[in-house]
Amino acid sequence: MSRIRHAGRPAVQQPVVVVDRGSPVPLYFQLAQQLEAAIRDGVLAPGTRLENEVLLAHRCGLSRPTVRHAIQHLVDKGLLVRKRGVGTQVVQAQVRRPIELTSLYDDLAAAGREPRTEVLELAPVRPEDEVAAELGTAPGSDVLRLRRIRFTGAEPLAVLTNYLPRDIAAVTGDELRRHGLYELLRRAGVNLRIANQTIGARGATAAEARLLDERRGAPLLTMTRTAYDDKGRAVEYGTHVYRASRYSFALTLVER
C-alpha cells in the first residue's frame, strides 16, 4: 500500500498493483481488476481521489495509455468518475433494489444509504390521457402530481414523478422530504396490495441530466408503476428515471 498526498488533503492509501506481463490477460484489464477489487473491498472508499495517470503509470510500470484504458473501463462500469478540476474519484456503490412493492426511500434507509428528498412539485394538475386512464379518474378531474429528486447521501439517484387521486391522501412537502410516499399512504389508511410495473431504459434529456448530474444522453433506467389497494382501486401512478451507473433492479426467477 502506498500513500499519496494531495495538496490541502490528508494522505490517501493507494492499493499495491502487481501486473503479470506473461499473462494472456491484457495489462489494462489486470490493472482495472485490481483497482475494482480495492473499491469493492473498501480499500478505496467512495469519494477517494486516485493519483493521476502519470503517477499511477510510473508506480505500476505501465504506459499512460494502458492506465487510461483501465480507468475508462472502471468509469464505464460506474465505479469511477472523472470530474474537471478534481480528478478521478471513486463513486458510491450501485444501489441494487429488489423488485417488490416498496418505496425507494424505505429501501435506501433499510440499506443504510442515507436517503434525502428534494421536492420539485406538489400540486393538482389536469392529467394527461394516459395518467387518467391508469388512475381511472373521471373526465375533467384533477389529480395530485408529485415530482421529487431522491438522493443517497449527497448524490442524486433518481427523479420521481407520481400521480395520486385527489381524495386518496393529503400529503405535504415536508412529509415527502422526511418519509417515503408508500409510508405516507399507509398512514392515511391506504392498503397497498399489488402493482403493474414496467422497466425500460433510454437516454437522459437535458433537464434530467441537470437534475441528476449526468451528461445529456447518459443511460437511464425507467420504471412506470400503477399501484392498487386491497379493494382493487388504482391509488398511485408513477414514472421514475434512475441513473444506470448508480442503480439496478434485482429479481429472483423460479422455474415453472
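Colleague: How many bridges join strand E3 to strand E4?

Modeller: 4 bridges join E3 (residues 80–83) to E4 (residues 87–90), and the two strands run antiparallel. Two strands pair if DSSP finds at least two bridges between them. Helices (H or I, at least four residues) and strands (E, at least two) are DSSP runs, numbered from the N terminus.

Colleague: Before we go on, what kind of model is this, and how are residues numbered?

Modeller: This is a predicted model: local features need pLDDT of at least 70, side-chain atom pairs count only at pLDDT 80 or more, and totals for chains, interfaces and linings use all residues. Residues are numbered from 1 along each chain as its sequence is written, and side-chain values use heavy atoms, with hydrogens and water left out.

Colleague: Back to that hairpin. Which residue in E4 is the bridge partner of Leu80?

Modeller: Leu80 has Val90 as its bridge partner there. The hairpin has 3 residues between the strands, and Gly85 takes a positive phi near 85 degrees.

Colleague: Where is there a positive phi in a residue other than glycine?

Modeller: At Asp213, with phi near 60 degrees. Asp213 lies in the loop between helix H8 (206–212) and strand E10 (219–229).

Colleague: Is Asp213 buried or exposed?

Modeller: Asp213 counts as exposed, because its relative accessibility is 55%. The cut-offs are under 20% relative accessible area for buried and over 50% for exposed, with partly exposed in between (1.4 Å probe, protein chains only).

Colleague: And what share of the protein chain counts as buried?

Modeller: 43% of its 256 residues. The chain has 8 helices and 12 strands.

Colleague: New topic, then: in what order do the strands of the open sheet run?

Modeller: The order is E6-E7-E8-E11-E10-E9, so 6 strands in an open sheet with antiparallel pairing. Strand E6 (115–125) and strand E9 (192–203) are the edge strands, each pairing on one side only. From one strand to the next, the twist averages 15 degrees.

Colleague: How many bridges does E6 have with E7?

Modeller: E6 and E7 (residues 143–152) pair over 10 bridges, in the antiparallel sense. Val119 stands opposite Arg148 in E7.

Colleague: Now the helices. At what angle do the axes of H2 and H3 cross?

Modeller: At roughly 110 degrees, and the axes of H2 (residues 53–60) and H3 (residues 64–76) come within 9 Å. Axes are lines fitted to C-alpha atoms, for helices over the stretch in contact, and angles run from 0 to 180 degrees between N-to-C directions. H2 and H3 are therefore roughly perpendicular to each other. Angles under 35 degrees count as roughly parallel, over 145 as roughly antiparallel, 65 to 115 as roughly perpendicular and the rest as oblique.

Colleague: Which residues make that contact?

Modeller: From H2, Glu53, Val54, Leu56 and Ala57; from H3, Arg64, Val67, Arg68 and Ile71. Contact means heavy atoms within 4.5 Å.

Colleague: What about H1 and H3, at what angle do they cross?

Modeller: The axes of H1 (residues 27–40) and H3 cross at roughly 50 degrees and come within 8 Å. That makes H1 oblique to H3. Among the residues in contact are Leu31 and Leu35 of H1, with Val67 and Ala70 of H3.
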